[in-house]
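Here's a quick briefing to read alongside the model. Take a look at the fold first, then work through the points below.

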Amino acid sequence: GTDVPRISGTECVPGRCCGKRRWWRGHTCERTGAPRPRICSSKDGRVRRGSYEFIIAHSGRAGKENKAHEVTVEEATRAALDAIRAKEKDINSFVTVDEESAMIRAKEVQKMIDDGTLTGPLAGVPVAIKDNMCTKGMLTTCSSKILYNFIPTYTAEAVINLEKAGAVILGKTNMDEFAMGSTTETSAYGETKNPWNTSRCT
């Protein structure tokens with residue numbers, strides 16, 4: 001399933017209980033002392049493909065799983081894109097999602113992981129870039145209508161370093177216009193909702 005679990009009794013939920021957004025089987029909740037729930041359903045203990053839990057679990061250990069051939073970069077990227085498609089209408093966290101480029105990049109990164117070119121912890125990790133960081137050939141608006149059609153001819157150094165490490169860029173995320181704020185309430189493309197409570201902004 002793709003539903004985010006809710007707190008009930010002594011259950012621990014990532015980001016809503018003891019503050020741990022990534023957690024692993026066998027760990028104990030700091031608030032309740034109870035074991036954190038399993039987040040997988042298959043017999044071999046692998047996380048469900050295409051689920052919200054898959055994204056949370058994979059984000060912190062993608063490099064290890066890719067090198068162990070437990071999860072391919074394409075699987076991780078597709079799961080992230082599917083999660084965006086399923087929830088973006090309610091959350092409004094992206095200004096641009098470049099699905100085609102992300103999947104092409106995923107194939108390239110997988111080849112580099114397989115041949116040993118990429119070995120670091122960011123290899124194969126799907127990431128999103130804030131919309132005030134330039135990405136060559138990808139719309140970069142700073143969440144302002146002034147830059148509604150700006151396509152940079154260069155990429156920011158921080159993004160280049162992510163790409164060198166093997167990260168897969170999914171798209172550009174919403175923000176306050178020209179980063180003048182912290183809640184996205186001044187974005188020209190609407191505010192981003194809190195994924196844990198969509199009645200609130202981020």
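Arg 78 and Asp 82 sit four residues apart in helix 3, about one turn of the helix; helices (H or I, at least four residues) and strands (E, at least two) are DSSP runs, numbered from the N terminus. This is a predicted model, where local features need pLDDT of at least 70, side-chain atom pairs count only at pLDDT 80 or more, and totals for chains, interfaces and linings use all residues. Residues are numbered from 1 along each chain as its sequence is written, and side-chain values use heavy atoms, with hydrogens and water left out.

**Salt bridges**

- The count comes to six salt bridges, each one being a side-chain nitrogen of Lys or Arg within 4 Å of a carboxyl oxygen of Asp or Glu.
- Arg 78 and Asp 82 make one of them, at 3.7 Å from N to O.
- Arg 78 is partly exposed at 28% relative accessibility, and Asp 82 is partly exposed at 28% as well; buried means under 20% relative accessible area, exposed over 50%, and partly exposed in between (1.4 Å probe, protein chains only).
- Asp 82 also meets Arg 85 in a salt bridge, at 3.0 Å from N to O.
- Arg 85 and Asp 82 are three residues apart in helix 3, so about one helical turn separates them.
- Arg 85 is partly exposed, with a relative accessible area of 49%.
- Put together, Arg 78, Asp 82, Arg 85 and Glu 99 are linked in a network of salt bridges.
- Lys 172 and Asp 131 form a salt bridge too, with 3.6 Å from N to O.
- Lys 172 belongs to strand 3 and Asp 131 to the loop between strand 2 and helix 5, so this pair ties together parts that are 41 residues apart in sequence.

**Nonpolar cores**

- Nonpolar side chains tend to be buried together in soluble globular proteins.
- A nonpolar core here is a set of buried Ala, Val, Leu, Ile, Met, Phe, Trp, Tyr and Cys residues joined through side-chain atoms within 4.5 Å.
- The largest core has 14 residues, and those with the most contacts inside it are Val 73, Val 109, Ile 113 and Leu 170.
- Helix 3 (73–91), helix 4 (99–114) and strand 3 (168–173) are the elements that give two or more residues to this core.
- Helix 4 supplies the largest share, five residues.
- A second, separate core of eight residues includes Val 125, Val 127, Ala 167 and Ile 169.
- What does Leu 170 touch, leaving aside residues up to four places away in sequence? Its contacts (heavy atoms within 4.5 Å) include Thr 77, Ala 80, Leu 81, Ile 84, Pro 126 and Val 127.
- Ala 76 lies in helix 3 and is buried, with a relative accessible area of 1%.
- Ala 76 and Ala 106 are 30 residues apart in sequence, with 8.7 Å between their C-alpha atoms.

**Cysteines**

- How many disulfides are there? The count is zero, taking a disulfide as a pair of cysteine sulfur atoms within 2.5 Å.
- The sulfur of Cys 134 has its closest cysteine sulfur in Cys 142, 7.2 Å away, and that is too far for a bond.
- Cys 134 is buried at 12% relative accessibility, and Cys 142 is buried at 13%.

**Surface patch**

- Ile 146, Phe 178 and Met 180 make a nonpolar surface patch of about 360 Å².
- Patch members have over 30% relative accessible area and no salt bridge; like charges are joined within 9 Å, and nonpolar side chains (Val, Leu, Ile, Met, Phe, Trp, Tyr) within 5 Å.
- The areas come from the Shrake-Rupley method with a 1.4 Å probe, and for residues only the protein chains shown count as cover.
- Ile 146 lies in the loop between strand 2 (126–130) and helix 5 (157–164), and is exposed at 63% relative accessibility.

**Positive phi**

- Most residues other than glycine have a negative phi.
- Asn 92, not a glycine, has a positive phi of about 60°.
- Asn 92 is in the loop between helix 3 and strand 1 (94–97), and is partly exposed at 22% relative accessible area.
- Thr 184 has a positive phi too, near 70°.
- Thr 184 lies in the loop between strand 3 and strand 4 (193–194), and is buried at 6% relative accessibility.
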